[in-house]
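Please look over the sequence and the model below.

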Amino acid sequence: AVSANISVGKSGNRTVYVKETALNHPDSDIIALNTTVFPVVIKPNTTTPINDGKAVINEYKPGKIMLVKENQNGNRLAGVTFSIYTDDACRNLLTTIVTDEHGVGISEAISIDGSGKRLLFVKETALTDEQKPLYELSHTVYPVVVFPNQTVQVNNGKTIINRWTLG
């Protein structure tokens, strides 16, 4: 976009600051504003690009992951820890989710790459001390595709069940 003429005054140069304030784009619900403030030195009789002429990049809005945890009787389980990994071997930890008193866990905001989605892997990794003698830790790895500005539920929206410990 080109602005109107800007007066530089007697000094010959003038510094102005440019910031994106709105998106007029069909995907503005999933694309975030670029909040960078770009200083621009205006010189007489020249056109001065912002950001040294490089493109100003807008990133996708982050997404979130949600899950619900309960036992075989349908009682919700609080305090269960799930880890979110960037690889299917579950070696590269991104973050964790801990279920609340309602058995629901929601991740922090997760960044989305340039493809507009992010494949992650969720695995139960810890029970509370009170739960350890009662339940088996699940070893299931749940692939989850996270999209911009959405909360995606693990296990295709189904509750994740803990099995009773046998013995």
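Two strands pair if DSSP finds at least two bridges between them; helices (H or I, at least four residues) and strands (E, at least two) are DSSP runs, numbered from the N terminus. This is a predicted model, in which local features need pLDDT of at least 70, side-chain atom pairs count only at pLDDT 80 or more, and totals for chains, interfaces and linings use all residues. Residues are numbered from 1 along each chain as its sequence is written, and side-chain values use heavy atoms, with hydrogens and water left out.

**Strands β1 and β2**
- Strand β1 (residues 14–19) runs antiparallel to β2, and 6 bridges join them.
- Thr15 stands opposite Val41 in β2.
- In β2 (residues 37–42), Phe38, Val40 and Ile42 make up the covered face, while Val37, Pro39 and Val41 make up the uncovered one.

**Open sheet**
- An open sheet of 4 strands, paired antiparallel, has the order β5-β4-β7-β8.
- Its edge strands, each pairing on one side only, are β5 (93–98) and β8 (141–146).
- Strand β4 (residues 81–85) is joined to β7 by 5 bridges, and Thr81 has Ala126 as its bridge partner in β7.

- Leu119 lies in strand β7 (residues 118–126).
- Leu119 counts as partly exposed because its relative accessibility is 46%, where buried means under 20% relative accessible area, exposed over 50%, and partly exposed in between (1.4 Å probe, protein chains only).
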